[in-house]
Amino acid sequence: MINPDIGGTVPESASGAARTAVILLVEDSIADVRLMQEVLRETGLPHELLIAGDGEKALRAIRREGEYAGVRMPDIVLLDLNLPGMDGREVLRTIKGDPALRRTPVLVLSTSTAESDIAASYDAHANCYLSKPVDLGDFFRLAEALRDFWLRLVILPPKIDPIGGLS
């Protein structure tokens with residue numbers, strides 16, 4: 001796990017059998033970050049979790065700049081909408097507006113169920129919109145669904161690395 005907010009690198013899974021998925025979690029709530037770390041670990045999916053606590057860090061992470069230099073490009077982005085500074089809406093528009101980044105699936109994960117937020121996210125080309133679970137069991141089901149659909153069934157597009165072409 002790469003977490004510039006806390007510091008350090010810790011492997012999320014010791015299994016080398018499957019390709020390790022790189023997930024960028026853009027979330028400002030430390031409690032939600034810790035919960036997502038735990039439920040992703042419990043799914044058994046080999047993964048590397050990049051964490052960005054605000055929109056500016058999210059863009060540096062996906063572009064592999066600053067404290068994120070040297071990390072692998074994310075396979076998927078889990079994006080909260082309500083972030084300090086640059087909010088998730090602007091992050092989504094920036095990612096989907098950049099030819100080098102737009103192929104990266106962005107899954108909006110928000111407490112908001114407002115139709116305006118849902119419509120705006122899809123209008124900005126979010127790949128899906130998920131309501132953030134409030135129940136622990138639902139959080140585990142969400143993580144398992146992410147694992148099973150986005151990281152096992154879906155064939156992800158080739159990435160265009162903004163610092164080195166196709167990756």
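Predicted model: local features only at pLDDT ≥ 70, side-chain atom pairs only at ≥ 80, totals over all residues.

User: What follows for strand β4 as a whole, residues 106-110?

Analyst: Count the buried residues. A residue is buried when its relative accessible area is under 20%. In β4, five of the five residues are buried, so the strand is largely enclosed by the rest of the structure.

User: Which strands pair with β4, and in what sense?

Analyst: Look for bridges. Strand β3 (residues 76-79) runs parallel to β4, and three bridges join them. Val77 has Val106 as its bridge partner in β4. Between these strands the chain passes through helix α3 (residues 88-97), and this β-α-β crossover is right-handed.
Then take strand β5 (residues 128-131). β5 pairs with β4 over four bridges, again in the parallel sense. Here Leu107 has Cys128 as its bridge partner in β5. Helix α4 (residues 115-123) sits between them in the chain, and β4, α4 and β5 make a right-handed β-α-β unit.

User: How many strands form the sheet, and in what order?

Analyst: Go from strand to neighbouring strand. Five strands form an open sheet, in the order β2-β1-β3-β4-β5, and the pairing is parallel. β2 and β5 stand at the edges with a single partner strand each, so one side of each has no neighbour in the sheet. From one strand to the next, the twist averages 20 degrees.

User: How do I check the length of helix α1?

Analyst: Compare the expected span with the distance between the ends. Helix α1 (residues 30-43) has 14 residues, and at 1.5 Å a residue it should span 20 Å. Its end C-alpha atoms are 20 Å apart, which agrees.

User: Which residues of α1 are buried, and what covers them?

Analyst: Val33, Met36, Gln37, Val39, Leu40 and Thr43 are buried. Their cover includes β1 (21-26), β2 (47-52), β3, β4 and α5 (136-153). Just after α1, Gly44 takes a positive phi of about 80 degrees.

User: Which residues other than glycine have a positive phi?

Analyst: Two to look at are Arg64 and His125. Phi of Arg64 is near 60 degrees, and phi of His125 is near 75 degrees. Arg64 lies in the loop between α2 (55-63) and β3. His125 lies in the loop between α4 and β5.

User: Are Arg64 and His125 buried or exposed?

Analyst: Use the cut-offs: under 20% is buried, over 50% is exposed. Arg64 has a relative accessible area of 15%, so it is buried. His125 is at 54%, so it counts as exposed.

User: What does Asp117 contact?

Analyst: First place the residue. Asp117 is in helix α4. Its relative accessibility is 14%, so it counts as buried. Set aside the neighbours within four places in sequence, and Asp117 is in contact with Leu81, Arg89, Ser112 and Tyr129.

User: How many aromatic pairs are there?

Analyst: A search of the whole structure finds one. Phe149 and Trp150 form this pair, with centres 5.2 Å apart and planes at 90 degrees. Planes over 60 degrees apart count as edge-to-face, and so this pair is edge-to-face. Phe149 is partly exposed at 43% relative accessible area, whereas Trp150 counts as buried at 12%.

User: How do I sum up the whole protein?

Analyst: Count the elements, then read them in order. There are five helices and seven strands. Along the sequence the pattern is β-α-β-α-β-α-β-α-β-α-β-β. The protein has 167 residues, and 47% of them count as buried. Finally, take the contacts with a separation of 6 or more: residues 24 or more positions apart account for 68% of them.

Conventions: Residues numbered from 1 in each chain as written. Heavy atoms only, no water. Buried < 20%, exposed > 50% of the residue type's maximum accessible area, 1.4 Å probe, protein only. Pairing = 2+ DSSP bridges. Right-handed = clockwise from strand over helix to strand, strands pointing away. Expected span 1.5 Å × (residues − 1). Contact = heavy atoms within 4.5 Å. Axes fitted to C-alpha atoms, helices over the stretch in contact; angles between N-to-C directions. Phe/Tyr/Trp six-rings, centres within 6.5 Å; stacked < 30°, edge-to-face > 60°.
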